[in-house]
Amino acid sequence: MPIKLRGAKVLKDLSNMDFRVLNMIETLLRKGEYAPVDKIVTYSGYRAKDVDLILSKLNKMKLTRRWKGHFVGYSLTLSGFDVLALNTLYNKKIVFGVGQTRAVGKESDIYHAIDFEENEIIIKINRTGRASFQQIKRKRDFLENRFHYSMFSVAEIAAKREYKILKDLKGNNLPIPDVKGHNRHIIAMDFVEGRELVNVQYIKKPIKTLERIIEFAKTLYQTFNIVHADLTEYNIMYDEENGKITVIDFPQAVQTDHPEATFLLRRDFTHLLDYFGKKWGITTDEVETVIEYVVGNK
Ligand SMILES: Nc1ncnc2c1ncn2[C@@H]1O[C@H](COP(=O)(O)OP(=O)(O)OP(=O)(O)O)[C@@H](O)[C@H]1O
Ligand SMILES: [Mg+2]
């Protein structure tokens, strides 16, 4: 399988010692803007000479970035952070290999991957903060790392959030991807057949499709107390072979007791009913009727 993701590509070239140093940098970055070389030496227990060799290798591979001020320190690049997460997913036997890019969005990069049984899966790499990071990097170099690290944690929090929701919903026969595992800012899940509704040219029974979406929202609301909050034609996959729908993209989902839950539910369905009306030419119930049905008598 041709490997496109830099982090995955370099995995096989890294030894346990390399990983230990990379891990150490990550840990030290939680405390300061750069991981000082002398601290890396002390904490790793490796000889200074070896650490230097490893650091120059990591830097050459563009997994770290060297900084020289009143001390010499290192920060992680995006690829460095990817490598740490992918290596953990590999060690946990969740992701065996990463292949082609499937989609690149504002907030995430999606890659084809395979698991240890050679099933086709998907990894979703959260990139929250990437756009603003690039902006800041251009403007103010000295802020780079502080912002950089907080970008890692923001991406990690978003991925964890999505993972938790998918995991809580798992095994209930819902039309969502089966989540396989997660580490840091990466989630592994089943590959969903079909394409986003927005890119579908023909639906046999649009009313049936809309009904399936409404049923899903109802179960999500009434049984699991969740509102998806971004239920659009971009986040609903449609399989032309069998008319099945699968809802993806959950990091923004909220609990039904969230103060904006009803607002978000109404926003989702105002948009969806309008979309189905315009694109698929079907007349639907009023938004309020649908909302009442989704929410039930609770
Ligand atoms: N499990 C999956 N199986 C197949 N394709 C997927 C899967 N998850 C995501 N994708 C593809 O990746 C695209 C983006 O995924 P998703 O909607 O989860 O991320 P996103 O955060 O919305 O990205 P964006 O920044 O573009 O909004 C989807 O539109 C879909 O084409
Ligand atoms: Mg999306």
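In the predicted model, His182 touches Leu89, Lys92, Lys160, Tyr163 and Ile187, residues up to four places away in sequence not being counted; contact here means heavy atoms within 4.5 Å. His182 lies in strand β7, which covers residues 179-183. Helices (H or I, at least four residues) and strands (E, at least two) are DSSP runs, numbered from the N terminus. His182 counts as buried because its relative accessibility is 13%. Buried means under 20% relative accessible area, exposed over 50%, and partly exposed in between, with a 1.4 Å probe and protein chains only.

The model is predicted, so that local features need pLDDT of at least 70 and side-chain atom pairs count only at pLDDT 80 or more, while totals for chains, interfaces and linings use all residues. Residues are numbered from 1 along each chain as its sequence is written, chains are lettered from A and ligands numbered from 1 in the order in which they are written, and side-chain values use heavy atoms, with hydrogens and water left out.

The chain contains 10 helices and 13 strands. Its C-alpha atoms fill a box of roughly 70 × 40 × 35 Å along the principal axes. Of the 298 residues, 50% count as buried. Where contacts join residues at least 6 apart in sequence, 63% of them link residues at least 24 apart. The accessible surface of the chain comes to about 15700 Å², and 51% of this belongs to carbon and sulfur atoms. Accessible areas come from the Shrake-Rupley method with a 1.4 Å probe; for residues, only the protein chains shown count as cover. The chain carries 47 positive and 39 negative charges, whose mean positions are 8 Å apart. Lys and Arg count as positive and Asp and Glu as negative, whereas His and the chain ends are not counted. Each charge is placed at NZ of Lys, CZ of Arg, CG of Asp or CD of Glu.

Ligand 1 is surrounded by 19 residues, of which Lys106, Glu107, Lys124, Glu196 and Asp249 are the closest. A residue is near a molecule or strand if one of its heavy atoms lies within 4 Å of it. An oxygen atom of ligand 1 lies 2.7 Å from a polar side-chain atom of Lys124. A nitrogen atom of the ligand is 3.0 Å from an N or O atom in the side chain of Arg102. For Asp190, a polar backbone atom is 2.9 Å from a nitrogen atom of ligand 1. On its own, ligand 1 has 610 Å² of accessible area, and the protein covers 85% of this.

Arg195 is found in strand β9, residues 195-196. With 40% relative accessibility, Arg195 counts as partly exposed. Leaving aside neighbours within four places in sequence, Arg195 is in contact with Val200, Ile236, Met237, Tyr238 and Glu240. The side chains of Arg195 and Glu240 are joined by a polar contact of 3.4 Å. A polar contact is a pair of N or O atoms within 3.5 Å; within protein, one must be able to donate a hydrogen and the other to accept it, and residues adjacent in sequence count only if both atoms are side-chain atoms. The C-alpha atoms of Arg195 and His112 are separated by 14 Å, the two residues being 83 residues apart along the chain.

Helix α4 includes Leu58, which counts as buried because its relative accessibility is 0%. Leu58 is in contact with Leu14, Asp18, Val21, Leu22, Leu63 and Thr64, leaving aside neighbours within four places in sequence. Leu58 and Tyr34 are 24 residues apart along the chain, with 15 Å between their C-alpha atoms.

Lys62 lies in the loop between α4 (48-60) and β2 (64-68). Although Lys62 is not a glycine, it has a positive phi of about 60°. Its relative accessibility of 56% means that Lys62 counts as exposed. A positive phi, of about 65°, is also found at Glu118, which is not a glycine. Glu118 is placed in the loop between β5 (108-114) and β6 (120-126), and counts as exposed at 62% relative accessibility.
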